[in-house]
Amino acid sequence: MPDTTHTYSMDELVSLCKRRGFIYPASEIYGGINGFWDYGPLGTTLKNNLRDRWWRDMVKRPPLGPDGNEISIVGLDSSIIQNPRVWEASGHVGSFSDPMQTCRQCKKLFRADQVWEMVKDSDWLQSLAEACTRPSVDNAVKFNSDQAMNWARKRGRKLAPGLALVRNPEVTISWLVEELEDKWEEYLDIISLIQHLATEQKAKTGLITPCPNCGGDLTEPREFNLMFESSTGAIKSDDSKVYLRPETAQGIFLNFGNVVDTMRVKVPFGIAQVGKAFRNEVTPRNFIFRSREFEQMELEWFCHEDEAEQWFEFWCDVRSKWWQTIGLTSENILMRKHDSDELAHYAKDGCGTFDIEYRFPFTFPGFGELEGVAHRGNYDLTRHQEFSKKKLSYFDQAKNERYIPHVIEPSAGLSRGTLALLCEAYTPDPERASKVYMAFHPSIAPIQA
């Protein structure tokens, strides 16, 4: 049985993927390029098997609907580069951004919502905590200023040169003693203590978040657009600016009218697409989980507003069960509803989004997103109709009714799905010479008999 306790590290999995021909760093002989990966012979086959299985179960042999009848889904392959007004209409130009912070010392960029998790995982924080603190009888954390000073002058210079404690240890320790008064030697939360250590003496009115890389001071968060820009034609100018698509969904919405006119489909029906998308992630991490070039398997399901909630529940159930049919164990799969502050700009009030999450080694014992099922409402078709001045409504002859359909979107990451399959298959075995083997589900295994 595949190991579900994740007693191995991501470094071990990454090493195996390269050693066995699954995934290599892109441009490796030139030092690589962060956020990009090449799939080797076995990795290509595994990813293609996953893609083909999804296409078979969604398009060639779609599931039975709530009424027991087979539903209608057709395929599409849209262009990676579209008219730039597409991304204005979709809201990506105005809202597709992350709050970013820059380190004033090492100049590295970080996503503001990920900084503290990265700090907690940093080598310098672990080293400082081990060197300067120890649990007491009452479980408080005892902090030793002499040990902190010693760490700052030795290991700190290498691990966290930007940390205020390292740059100016005497002033920082003196300020810390004054700031915390008689309570400074006992701190229940080591992170809060480190946050104090990361501040300059001038920052008594507000704590500064330390840099995960060097411990330096970070700037205030500011918006950073995630779309890759390019240009078309011979002259590069604002008029020739285009974008690499950040998602495959918009190509489907643009072709909704074409598909209705040419394929004799009737609402409710779906349009499926598999393809590459690009996001200029500032901090790509966790192997192929968060990369700058990735592949998606997306379905846009068009339905009447009155039936949207029923179809939303249908696709949540279908998609969560599907991953288990290809080998992901139920204890590693979780369905989670988005909180209100997580919803995308297109999410429909009252329904929102459910994530199908997988327990990856780097999230253990928690989970990370594998696929999202979103009720997008009729936001996208309405916006494209408004910006293009072309009708994107649907006329139901049986009901003599014209309306803009609502959309339920099951959007799965092909790259993340491949990573989940690799994690699930990774099976430590001390009895083997290699100490590990890969136990894939037979239907998606890269080598089959």
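**Exercise 1. Identify the residues that are linked with Arg111 in a network of salt bridges, and describe the pair Arg111 and Glu281.**

Solution. Step 1: The network of salt bridges links Arg111, Asp113, Glu281 and Arg290. A salt bridge is defined here as a side-chain nitrogen of Lys or Arg within 4 Å of a carboxyl oxygen of Asp or Glu.

Step 2: Within this network, Arg111 forms a salt bridge with Glu281, and their closest N and O atoms are 3.9 Å apart. The pair links distant parts of the chain, 170 residues apart: Arg111 belongs to strand S5 (residues 109–111), and Glu281 to the loop between strand S12 (269–278) and strand S13 (293–303). Helices (H or I, at least four residues) and strands (E, at least two) are DSSP runs, numbered from the N terminus.

Step 3: Arg111 and Glu281 are both buried. Buried means under 20% relative accessible area, exposed over 50%, and partly exposed in between (1.4 Å probe, protein chains only).

The model is a predicted one, in which local features need pLDDT of at least 70 and side-chain atom pairs count only at pLDDT 80 or more, while totals for chains, interfaces and linings use all residues. Residues are numbered from 1 along each chain as its sequence is written, and side-chain values use heavy atoms, with hydrogens and water left out.

**Exercise 2. State where Arg167 and Asp217 lie, and decide whether Arg167 is buried or partly exposed.**

Solution. Step 1: A salt bridge joins the side chains of Arg167 and Asp217 (3.7 Å, N to O). Arg167 lies in helix H9 (residues 164–167) and Asp217 in the loop between helix H11 (190–197) and strand S9 (222–225), so the pair ties together parts that are 50 residues apart in sequence.

Step 2: Arg167 counts as partly exposed because its relative accessibility is 32%. Asp217 counts as buried, because its value is 6% relative accessibility.

Step 3: For the whole structure, the search finds 21 salt bridges.

**Exercise 3. Describe the salt bridge of Arg53 and Asp57, and name elements that cover the buried residues of helix H2.**

Solution. Step 1: The side chains of Arg53 and Asp57 meet at 2.7 Å, N to O. Both residues lie in helix H2 (residues 41–60), 4 residues apart, about one turn of the helix.

Step 2: Arg53 counts as buried because its relative accessibility is 14%. Asp57 likewise counts as buried, at 14% relative accessibility.

Step 3: The buried residues of H2 also include Leu46, Leu50, Trp54 and Met58. Their cover includes strand S2 (37–39), strand S3 (73–75), S12, S13, helix H14 (308–325) and helix H16 (414–425).

**Exercise 4. Determine which strands pair with strand S15.**

Solution. Step 1: Strand S15 (residues 353–358) is mostly covered, with 5 of its 6 residues buried.

Step 2: Strand S14 (residues 333–337) pairs with S15 in the antiparallel sense over 5 bridges; two strands pair if DSSP finds at least two bridges between them. In S15, Glu357 is the bridge partner of Leu334.

Step 3: S15 and strand S16 (residues 368–377) also run antiparallel, joined by 6 bridges. Here Phe354 stands opposite Val373 in S16.

**Exercise 5. Find residues that Leu419 contacts, leaving aside its neighbours within four places in sequence.**

Solution. With contact meaning heavy atoms within 4.5 Å, the partners of Leu419 include Met10, Leu13, Phe287, Phe289 and Phe360.
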